[in-house]
Amino acid sequence: MGCHKSNSPAASSVPVITSFTPTQGLTGSKIEVSGSGFDGTTTVSVGGVTADWKRNNNNSLTVTVPDGAMSGVIGVVNSLGSGGSTTTFSVIPTVTAISPTSGSPGTTVTLTGTGFTGSQVVKFGTGPAANFYVNSATQIQAVVPLGSSTGPISVTTVNGSVSLTATSPTFTYSGGGVTAPVLTSFTPAQAAVGDYVVLAGSGFTGVAGASIGGVSAYFTVTSDTAMSIQVPAAAASGFIQLTGVLGSATSDTRFLVTPTLSSFSPATGPSGTLVTLTGTGFSGATSVTFGNAVESKFIVIDSNTIKANVKAGSATGPITVTTNGLTAASSTSFTFVPDAVNAPVITGLTPVKAAVGDTVTLTGSGFTGVSDVTVGGADAPKFAVTDAATLTVTVPSAAATGFITVTNALGATASPVIFTVTPTVTGLSALSGKVGSTLTLTGTGFIGAESVTFTGGPAANYVVVDANTITVTVPDGATTGVVSVSAFGTTASSSAVFTVLP
């Protein structure tokens, strides 16, 4: 809880921070904050973490950097509102202890200290850790790399353009003890999400990561020749891969994720109804049916979600999903109903691929009285009914690749084909940055993005926040140039150039 002087005057204005000093410091150190509106202060935070503070007067506060603090803005709150600094305070990391204090390649070392949030680099001597994970602001687990050396372990955090490094007590390196992983077999050959697969081989002691079909998975090493891996929720059928400090190993055969179909919505409808299926193991799905062998059009949103358009000629009965020759069926039936007279029906759309803001023409019947149109699940408020057989719609900014649906008082229907939203990259949150820094891309059509690249560089790690936002980490090997996003066979590049700093 924050502390303050007694008899503090009531707030007379919203807090405003004009400056603070120093601009970086350790947890427990003091920050002198200048501004106005500090009377009546109730809360002060550093990087989003509540801090102890003392009000000196309406224009001055003394703030203590809290345990667990991360680099970020300083915030002040009173009864009239809140204010934040325009620049960020950098928390200097410290490494107070390591365990164990010695080890060979593949050994996991726990680092204890402060200010670890946002750590970008962990090194054993001059060599980067084989792998590391930030558990909290006070703990990191790092794997000893091959070719390390005796000496301190260093931790570097990055706050914008500011890099701060802390070093640990001496770690004693002993070479050997680990061999490259070899994966000779696994059992069973197919399993559902959550099940465990037992691996046999050698060199498992130095394994630092495991994946199924390219999706990272939880694993447990029993011995140097035996380990188990749990099928992750987003798993796709594919090869099992192990990575270690001395190399990697890939299974000779593909592991198959058994699909499951746990629920669907809606539970009833005529042909053209767009049904959302929920389950696991949907990646690579090849068939969806409703009640019989008639195959419906569908799009795989992710490993756990499918949107399917009920095909004319379907029947009441269980829904089935087939992927990699394995079939999952719903435990309850979908009720197929005859098409309502004058209910909307979409027979075609032109074009089948377009960008946000473009116009798409739908042909069919029953368009009179249409009250709602969606593109890939996003409301499209700009549409016009030409006549009962023709409708035009403007692709909305939040549109995603998927089915176009129309609704009137008699029902709803989805397009017989999937409409593709072509991506655009309209902005970059920064025009320069170092390898490892985070960049935010703005644009359209980002849902379903398959890769993000920097000119001449390798594919980058990225997160699709929504149809208009992607966050991406500048990869090692990136070069100065445009940033490109690829989705559904279409690539869009930024008009601005991003400069990779040394």
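## Largest pocket

The lining of the largest pocket holds 13 nonpolar, 14 polar and 2 charged residues. Nonpolar here covers Ala, Val, Leu, Ile, Met, Phe, Trp, Tyr, Cys and Pro; charged covers Asp, Glu, Lys and Arg; the others, Gly among them, are polar. The model is predicted: local features need pLDDT of at least 70, side-chain atom pairs count only at pLDDT 80 or more, and totals for chains, interfaces and linings use all residues. Residues are numbered from 1 along each chain as its sequence is written, and side-chain values use heavy atoms, without hydrogens and water.

In all, 29 residues line this pocket, and Gln-120, Val-435, Gly-436, Ser-437 and Thr-473 lie nearest its centre. Strands E14 (119-124), E18 (151-159), E48 (432-434) and E49 (438-444) each give two or more residues to the lining. The space amounts to about 880 Å³. A pocket is an open set of points on a 1 Å grid over the protein atoms alone, where a 1.4 Å probe fits, with protein on both sides within 12 Å along at least five of seven lines; lining residues have an atom within 4 Å of a point. Points are joined across faces, edges and corners, and the volume is the space filled by probe spheres set on them. Strands are DSSP runs (E, at least two residues), numbered from the N terminus.

## Second pocket

The second largest pocket has about 480 Å³ of space. Its lining has 18 residues, with Ile-301, Asp-302, Ile-447, Gly-448 and Ala-449 closest to the centre. Strands E33 (297-302), E50 (449-454) and E51 (462-466) each supply two or more. E33 gives the most, with 4 residues. By class, the lining has 10 nonpolar, 5 polar and 3 charged residues.

## Nonpolar core

The largest nonpolar core has 19 residues. Such a core joins buried Ala, Val, Leu, Ile, Met, Phe, Trp, Tyr and Cys residues through side-chain atoms within 4.5 Å; buried means under 20% relative accessible area with a 1.4 Å probe, protein chains only. Among the members that touch the most others are Val-197, Leu-199 and Phe-255. Strands E22 (196-202) and E28 (247-257) are among those giving two or more residues.

Beyond its neighbours within four places in sequence, Leu-199 has contacts (heavy atoms within 4.5 Å) that include Leu-183, Phe-204, Ile-229 and Leu-242.

## Four-stranded sheet

An open sheet of 4 strands runs E30-E36-E35-E32, with mixed pairing. Strands E30 (268-269) and E32 (285-290) are at the edges with a single partner strand each, so one side of each lacks a neighbour in the sheet. Two strands pair if DSSP finds at least two bridges between them. E32 and E35 (317-323) run antiparallel, joined by 5 bridges. Phe-290 has Ile-319 in E35 as its bridge partner.

Technical notes:
Buried < 20%, exposed > 50% of the residue type's maximum accessible area, 1.4 Å probe, protein only.
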